[in-house]
Amino acid sequence: MRASVIYHNRTTYELLMRGLYGRHYGARYRAIADLIPDGASVVDLCCGPATLYTGYLRERGVEYTGLDLNAGFVARLNASGGTGAVWNMHSDEPLPTADYVLMQASLYHFLPDPAPVLNRMLAAARKQVIIAEPVRNLASSDNKVLAAVARRFTDAGEGAEEHRFTETSLDAFLDRYADRVEQRSLIAGGREKLYVLSA
Ligand SMILES: C[S@@+](CC[C@H](N)C(=O)[O-])C[C@H]1O[C@@H](n2cnc3c(N)ncnc32)[C@H](O)[C@@H]1O
């Protein structure tokens, strides 16, 4: 199945993300980059165009691996100095290990039960797992037209998805890992919620 238009290339994706996040666009990446020490190793799942790497981590000597279903994004990452691999996160293959294993704006792809994905992330991380997930988005809008358009245009190639997190449902999911949660906070003007879990 063909991915929706926002995933066709990096420029389209970034324009739409900038439109969606407005002045908070940079803050969503900075919130994660600030948690990662210089020279650490990182595996970024569903990395998209790897803006976290090219804009924030590359200059700090971070050893970055990005995994994504989208071969175009992965090729760009490899060309820009990181290590990218095409990977379907629905596969139960163990993930590459790293100090920090993270996922931003993508856990909703694994609803209704994202636990197997988070469990694989915890198994692969040596230090911490970082999750940042939208908790306010058009796809869960009460406006049915807007919601349908948002779902349609965030199809990664596996079909339009019906579900998104709210802050309440995301908190409820992460409460299952309460003994590991070291930090939780809203970022990017309240559009995403960030969780840091001990490995
Ligand atoms: C909203 S984008 C987030 C990209 C990036 N993490 C960011 O925050 O800018 C979601 C990404 O998840 C990827 N994706 C969706 N389903 C996937 C799957 N089953 N396995 C791997 N990647 C997937 C898409 O190709 C897309 O690049």
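Me: How many salt bridges does the count come to by this rule?
Reply: This is a predicted model, in which local features need pLDDT of at least 70 and side-chain atom pairs count only at pLDDT 80 or more, while totals for chains, interfaces and linings use all residues. Residues are numbered from 1 along each chain as its sequence is written, and side-chain values use heavy atoms, with hydrogens and water left out. If a salt bridge is taken as a side-chain nitrogen of Lys or Arg within 4 Å of a carboxyl oxygen of Asp or Glu, the count of salt bridges comes to eight.

Me: Which residue forms a salt bridge with R126, and is that partner buried or exposed?
Reply: The closest N and O atoms of the pair that R126 makes with D99 are 3.2 Å apart. The two residues belong to distant parts of the chain, R126 in strand 5 and D99 in strand 4, 27 residues apart, where helices (H or I, at least four residues) and strands (E, at least two) are DSSP runs numbered from the N terminus. With buried meaning under 20% relative accessible area, exposed over 50% and partly exposed in between (1.4 Å probe, protein chains only), the 14% computed for D99 makes this residue buried.

Me: Which residues does D99 touch, not counting residues up to four places away in sequence?
Reply: The side chain of D99 also makes a polar contact with the side chain of R126 at 3.2 Å, a polar contact being a pair of N or O atoms within 3.5 Å of which, within protein, one must be able to donate a hydrogen and the other to accept it, with residues adjacent in sequence counted only if both atoms are side-chain atoms. Under the wider criterion of contact, which means heavy atoms within 4.5 Å, D99 touches A40, S41, A125, R126, K127 and Q128.

Me: Which residues do salt bridges that share partners join into one network?
Reply: K193 in strand 7 and D171 in helix 7, 22 residues apart, meet through their side chains with an N to O distance of 3.1 Å, and both K193 and D171 are buried. The side chains of D175 and R184 also meet in a salt bridge, at 3.1 Å from N to O, but here D175 counts as partly exposed at 44% relative accessibility and R184 likewise at 32%. Through shared partners, salt bridges join into one network E167, D171, D175, R184 and K193.

Me: Within what arc do the buried residues of helix 7 fall, seen down its axis?
Reply: Helix 7 spans residues 167-175, and its buried residues are L170, D171, F173 and L174. They line one face of the helix, because the arc, taken from the directions from the helix axis to the C-beta atoms, within which they fall is 160°.

Me: In strand 7, which residue is the bridge partner of V181?
Reply: Strands of a sheet pair through backbone hydrogen bonds, either parallel or antiparallel. Strand 6 and strand 7 pair in the antiparallel sense over six bridges. In strand 7, the bridge partner of V181 is L197.

Technical notes:
Two strands pair if DSSP finds at least two bridges between them.
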